[in-house]
Amino acid sequence: MSEPSLRDRFHLIGIGGAGMSVVAELLASRGAVVTGSDREESAALDHLRSVGVRAYVGHDASHVDPASVVVVSTAIREDNPELTIARERGQRVIHRSQALALAASGMRFVGVAGAHGKTSTSGMLAVGLAACGFDPSVAVGGVLPQLGTGAHLGGGDIFVAEADESDGSFLNYSPSIEIVTNVEPDHMDRYHSREEFEEVFVEFARRLVPGGLLVTCAQDAGAVRVARSARDRGVRVVTYGRKERSLCDVDAVISDVRVGEHGAGAELTWGLRRASLRLRVSGEHNVLNAAAAWVAGIECGLDPQVIADGLGNFTGAARRFEARGSVGGRRLFDDYAHHPTEVEAAIRQARIVAGSGEVTVVFQPHLYSRTIVFAERFAQALSGADRVVVAGIYGAREDPVPGVDSSLIASRIPGASYVEDMHEAARLAASLTRDGGVCVTMGAGSITRCAPEVLDQWKRMGP
């Protein structure tokens, strides 16, 4: 069977998902005929239709053209009727990452990997490059306000993309530049130990093209081990971080960090290269993300201060501490955090924004397997909020596990509430948010849909 090409037809199962919708739009923008399906209507499907993609609601074998290359993600089950008919016909079935690699063919590929921070770092780099006059192609898992989408086929030769470690699919790429933000164990349903999780990042570093550059965080133990392994093989490596918090020698040094409600800043030094960084997003984690993007931008050929200024145009990505509205003195934010470290970072950011006000979080755990592994750490992270409501687990690709529910987390947090229905949970969180406080809907699942209910509850509550 011949390798797929952009002359083929493509059918994407689960086309409305963050990763799949990006691939669909990129394939269509490169001239391929693209169709797909998803379980329900969404803004993503509407957008794809506007760019010429035929998007069906519901999964049915009749949606699959016998001539199409079928694209799937790990979330698609083998009993999906569209995948079943494709298998029966002997159609080519490829992973989403293989389709993305095809869409990126002929370009310098910048792959951004890590247990967390991928979307913000790749989005920041893409926006920064665009502000500097480049026109990069982009594939990130969140909507960038500057683009109105997470996918863009640019006119330049640089392709910036998230590289997903969750199923090992980032090993399908051959990047010119790799950024590894951190290697903190996750996805323990697939990787059964820290060593196994780190090994896939070591293998990812082996995927660099000859002469390529690996950019890693010096403040993360796993990323440091990956960097050392790569250096031992003669790979060019640049580490970044604050000297006082780093676990190895730092190449790109972050100093004079400043974090406020509406932004953050720092001084960056890499050898003789220096720049002042002024960001429009808050949080020290975003300073780290920006430092990685800064090094990658310089590797792409930009002046240090020019790319630093370009990064200052980034205003965030959808669901990355995204402001969703306010009523009176109460403010609502939505965040994709679904790993304990991400939860901690989001709550720290909420604390800065809230000032003297209180922080309320309604958290929806993502995956039964992750809840089992990280229940104690989730409880510790969420304890940084003043009030916590934990909704039922969003299972995504997983079936329910007997005896496993969100009480594993809530029971470990003094004063926390466990409310299975996410809508009821969101309304409870709204009622607990005092005037002058901040409420955060948090999780990688469907909790984001509850933001309007929080705002409506506040309107009914009055001052």
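This is a predicted model: local features need pLDDT of at least 70, side-chain atom pairs count only at pLDDT 80 or more; totals for chains, interfaces and linings use all residues.
Modeller: Residues are numbered from 1 along each chain as its sequence is written, and side-chain values use heavy atoms, with hydrogens and water left out.

Biologist: How many disulfides are there?

Modeller: A disulfide is a pair of cysteine sulfur atoms within 2.5 Å. For Cys 132, the nearest cysteine sulfur is that of Cys 300, 10 Å away. By the cut-off, the count is zero.

Biologist: Is Cys 300 buried or exposed?

Modeller: Buried means under 20% relative accessible area, exposed over 50%, and partly exposed in between (1.4 Å probe, protein chains only). Cys 300 has 9% relative accessibility, so Cys 300 counts as buried.

Biologist: How many residues of helix 4 are buried?

Modeller: Helices (H or I, at least four residues) and strands (E, at least two) are DSSP runs, numbered from the N terminus. Helix 4 spans residues 96-103. Its buried residues are Arg 96, Ser 97, Ala 99, Leu 100, Leu 102 and Ala 103. Of the eight residues in helix 4, the buried ones number six.

Biologist: With which side chain does the side chain of Arg 96 make a polar contact?

Modeller: A polar contact is a pair of N or O atoms within 3.5 Å; within protein, one must be able to donate a hydrogen and the other to accept it, and residues adjacent in sequence count only if both atoms are side-chain atoms. Arg 96 is itself buried, because its relative accessibility is 18%. At 3.3 Å, the partner of the Arg 96 side chain is that of Asp 164.
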